Amino acid sequence: MAPGQPVGHETLAERAEALHLLPGWFRRPTPLLWPEMRSRCVPAHWRYQDVRECLQQAAHEVSTDQAERRNLILRNPIPDSDHATLRTLICAYQTILPGEKAKSHRHSPHAMRVILESRGAYSIVDGHKHPMESGDIVLTPGGCWHGHGHDGNEQAFWLDGLDVPLTHLLEPMFYQPHPDHWERVTQESAHSPMRFAWADTLAALERAEADPTGHFGTTITLPTPTMPTVTLKVCRWPAGWSNRPYRHTANTVYVVMRGSGHSVVGDLEIDWNFGDTFIAPAWQRISHRASEDSVICAISDEQLMRWTRYYRIEDLEQGGTRIDDPSGR
Ligand SMILES: [Fe+2]
């Protein structure tokens with residue numbers, strides 16, 4: 001056909017399809033753009049006591065030889081979700097018994113751990129042996145060898161958080177078992193940028209200034225420069241404290257490190273206690289109230305959302321005033 005010769009729509013569609021082109025003016029089952037964000041994921045809550053019982057049973061039935069990681073994944077309770085806790089994050093509770101070793105490996109996704117109950121467990125990260133004591137937070141940036149062991153006398157429990165769903169979306173997944181199965185310790189590293197000890201976290205919270213927004217409570221941000229997709233914050237919510245409700249475009253996992261309280265995420269009412277995990281998918285209304293003095297670890301993709309300039313937050317106590325929008329609109 002000569003250039004410039006008019007063609008009917010059907011002919012044009014056929015030509016386009018043969019060239020792997022989709023006419024943008026055709027109606028699509030799913031539009032490319034829509035007015036306001038919506039997340040497929042839903043709010044959810046996992047009670048530590050329930051999970052802990054399952055992990056105790058797993059410790060009897062599954063060895064660390066059978067399972068490289070003896071963990072239970074927090075699956076978002078939507079159809080077809082087999083691994084994601086939120087759009088960008090996966091979390092799992094993990095346990096290890098005294099004397100056990102969870103083999104070393106490395107992978108491109110970034111990982112971190114919130115230690116719930118442990119005396120004597122440890123993580124070897126690139127040869128550095130980091131204690132994992134109750135209340136500690138330990139990082140494993142993508143590409144670092146890591147394995148876990150336990151020198152203590154009681155079963156240890158923690159919560160892992162990784163950006164695996166984001167890696168799946170972007171596709172740069174790489175995984176490698178350690179050639180020796182178990183990485184040798186080259187250095188004891190109690191003090192390391194990879195480990196935030198519980199006592200240091202509490203001291204930093206004591207020094208922290210009050211939250212001027214009223215949304216988050218007194219908060220410290222743990223530096224994660226080698227894990228730019230993950231934001232780690234620890235919040236202190238005194239007994240009786242409640243927040244100004246808000247919603248934002250970050251996906252957040254809350255891990256209860258101390259205390260108890262009540263939160264409402266979207267339509268889900270949550271009574272939380274020590275060790276529980278609950279999640280707030282992006283753009284869901286979030287309100288919290290602490291019953292006891294509480295310390296909460298908030299794992300999110302906030303800095304990823306800020307870097308992409310997708311971060312927005314709305315105060316919902318004043319009728320939805322947009323207070324932080326990098327686009328200026
Ligand atoms: Fe790993």
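Leaving aside neighbours within four places in sequence, which residues is E100 in contact with? I looked this up and found T64, R70, H148, G149 and H150, taking contact as heavy atoms within 4.5 Å.

A note to myself on the ground rules: this is a predicted model, where local features need pLDDT of at least 70, side-chain atom pairs count only at pLDDT 80 or more, and totals for chains, interfaces and linings use all residues. Residues are numbered from 1 along each chain as its sequence is written, and side-chain values use heavy atoms, with hydrogens and water left out.

**E100.** I placed E100 in the loop between strand 3 (90-96) and strand 4; strands are DSSP runs of E with at least two residues, helices runs of H or I with at least four, both numbered from the N terminus. E100 counts as buried because its relative accessibility is 15% (buried is under 20% relative accessible area, exposed over 50%, partly exposed in between, with a 1.4 Å probe and protein chains only).

**Iron site.** Next I checked the iron ion: its protein donors are the NE2 atoms of H105, H107 and H146, at 2.1 to 2.2 Å. Donors here are N, O and S atoms within 2.8 Å of the metal (3.2 Å for Na, K and Ca); water is not among the atoms, so sites may look incomplete. H105 sits in strand 4 (residues 101-107) and H146 in strand 9 (residues 146-150), so the pair ties together parts 41 residues apart in sequence. Both H105 and H146 are buried.

**Helix 4.** Last, I turned to helix 4 (residues 198-207) and found W198, T201, A204 and L205 buried. On the other side, A199, E206 and R207 are exposed.
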